[in-house]
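Student: I have a model open and would like to walk through it. Can we take it piece by piece?

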Amino acid sequence: MAATRTQDVAATRHQIALLQEAGADLVRIAIDSPKDAEALVEIVRGVDVPLSVDLQENYRMAEVVAPHVDKLRYNPGHLHHHERGKPVQEKVAWLVDIARKHGCAIRIGVNAGSIAPEYKERFGGDNVAAIVACAVEHCDLMDAFDFPGFVVSIKDSDPRLVVEANTRFAEARPDVPIHLGVTEAGMPPEGIIKTRIAFEQLLARGIGDTLRVSLTVPFDDKGKEIEVGRQIIADVENGRFRSVPPNFFDGLNIIACPSCSRVENEKFIDLAEDVKRMTEYAAEYDLTIAIMGCRVNGPGETDDADLGLWCGPTTVNLKRGEETVGAFAYDEILDKLRSEIDTLIARRS
Ligand code: SF4
């Protein structure tokens with residue numbers, strides 16, 4: 001996925017070329033606004049790799065971008081943001097019409113960090129059941145609309161949930177192609193280990209048709225995601241499996257988004273690395289800290305963490321679980337975070 005701002009046409013073209021050179025077969029671009037869509041028209045002129053667009057909350061942009069791309073990704077958990085009175089089925093029917101008209105494939109991109117409210121209500125705290133049911137029911141919609149050109153992804157930052165949910169989905173719909181990913185896996189090496197844990201188990205069971213590795217790395221190092229993905233595939237094909245390091249799931253867990261065009265301040269990548277360094281002293285404590293690059297997914301995807309940071313243009317928002325602590329300048333946030341960690345540790349001991 002291109003991590004650059006979509007409206008920065010030159011940087012995004014450069015990013016696409018970098019990913020293609022690293023071996024990407026398909027590149028995804030985030031589109032949130034008519035200005036992003038205008039930029040996309042410019043971007044595709046210089047590009048010869050298949051493109052997918054990520055519609056996120058703004059599913060109506062599909063109409064503008066579909067003539068220029070090969071695949072549309074919608075997140076069922078974001079369809080309620082616009083036209084709240086309109087039933088989800090109608091919105092999906094509209095997306096299918098657009099995709100059919102322009103020869104696009106569709107990815108139903110379900111994410112445990114943004115579960116659609118109706119599924120949250122139906123399944124309470126059982127996130128796996130909720131996301132599997134959501135994926136299966138959106139497949140039923142595709143069937144009802146007689147649209148076979150779709151793929152499903154079910155992602156989370158915890159590889160164990162990714163394995164369980166994808167295994168259950170594959171049992172329910174063995175006919176549907178699956179795109180694999182561990183989202184917000186974070187920085188190497190932990191981000192690579194989390195991804196490997198999920199992909200090795202799923203690919204070895206024959207689950208997974210396409211994949212994406214999500215790592216929090218500088219934009220110019222994004223080729224690393226492709227390199228890691230291809231290495232995991234080659235290892236599984238050759239029967240080489242790396243064991244999970246002992247106690248990998250114990251202690252501090254840092255979740256960080258891989259960044260995309262929605263990143264509101266490029267200091268996000270440095271901040272993620274600073275948080276990793278600063279929190280080394282707390283490595284043995286069972287704490288989850290989430291760091292997200294934007295306001296689109298930041299507020300929701302930090303809810304399940306003990307402490308969450310989501311980045312705005314000039315400030316970073318700090319959360320304690322679902323509760324907001326406040327917004328702090330980029331040069332203040334590490335101290336604030338440290339004090340929250342110390343309080344949590346003191347309370348637990
Ligand atoms: S959290 Fe925001 S910036 Fe990060 S990958 Fe998700 S949408 Fe992009």
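This is a predicted model: local features need pLDDT of at least 70, side-chain atom pairs count only at pLDDT 80 or more; totals for chains, interfaces and linings use all residues.

Student: Where is Gly223 found?

Tutor: Gly223 is in helix H9.

Student: And what does Gly223 touch, leaving out residues up to four places away in sequence?

Tutor: Gly223 touches Leu18, Leu19, Glu21 and Ala22. Gly23 is 200 residues from Gly223 in sequence, yet their C-alpha atoms are 8.1 Å apart in space.

Student: Staying with H9, how do the axes of H8 and H9 cross?

Tutor: H8 covers residues 190-204 and H9 covers residues 223-237; their axes come within 10 Å and cross at roughly 40°.

Student: Is the crossing right-handed or left-handed?

Tutor: H8 passes H9 in a right-handed crossing.

Student: Which residues make the contact?

Tutor: From H8 they are Ile192, Thr195, Arg196, Phe199, Glu200, Leu203 and Ala204. H9 contributes Val228, Ile232, Ile233 and Val236.

Student: How do the residues of that contact divide into nonpolar, polar and charged?

Tutor: The contact of H8 with H9 has 8 nonpolar residues, 1 polar and 2 charged.

Student: Backbone next. What kind of peptide bond joins Pro188 and Pro189?

Tutor: A cis one, with omega about 0°. Pro189 sits in the loop between strand E6 (178-182) and H8. As background, most peptide bonds are trans, and most residues other than glycine have a negative phi.

Student: Then which residue other than glycine has a positive phi near 50°?

Tutor: Glu83, whose phi is near 50°. Glu83 lies in the loop between strand E3 (71-74) and helix H4 (88-102).

Student: How many other C-beta atoms lie within 10 Å of Glu83?

Tutor: There are 13, so Glu83 is partly exposed.

Student: What about Asn247, what is its phi?

Tutor: Asn247 is not a glycine either, and its phi is positive, about 60°. The residue is in the loop between H9 and strand E8 (253-256).

Student: Does Asn247 count as buried or exposed, and why?

Tutor: Asn247 counts as exposed, because it has 8 C-beta neighbours inside 10 Å and the cut-off for exposed is 12 or fewer.

Student: Change of topic: where is Arg122?

Tutor: Arg122 is in helix H5, residues 117-123. With 13 other C-beta atoms within 10 Å, Arg122 is partly exposed.

Student: How far apart are Arg122 and Ala133?

Tutor: They are 11 residues apart in sequence and 9.9 Å apart in space, C-alpha to C-alpha.

Student: Last topic, the domains. What does the domain assignment give?

Tutor: The assignment gives domain 1 at 9-237 and domain 2 at 253-348. Taken over C-alpha atoms, the centres of domain 1 and domain 2 are separated by 24 Å.

Student: How many residues does the contact take from each domain?

Tutor: It takes 16 residues from domain 1 and 17 residues from domain 2.

Student: And how do the residues on the side of domain 1 that touches domain 2 divide?

Tutor: That side of domain 1 has 5 nonpolar, 7 polar and 4 charged residues.

Key. Residues are numbered from 1 along each chain as its sequence is written. Axes are lines fitted to C-alpha atoms, for helices over the stretch in contact, and angles run from 0 to 180 degrees between N-to-C directions. Helices (H or I, at least four residues) and strands (E, at least two) are DSSP runs, numbered from the N terminus. A crossing is left-handed if the near helix is turned anticlockwise from the far one by less than a right angle, and right-handed if clockwise. Two residues are in contact if their C-beta atoms, placed from the backbone, lie within 7 Å. Ala, Val, Leu, Ile, Met, Phe, Trp, Tyr, Cys and Pro count as nonpolar, Asp, Glu, Lys and Arg as charged, and the others, Gly among them, as polar. A residue is buried if 20 or more other C-beta atoms lie within 10 Å of its own, exposed if 12 or fewer, and partly exposed in between; C-beta atoms are placed from the backbone. Domain bounds come from an automatic or database domain assignment.
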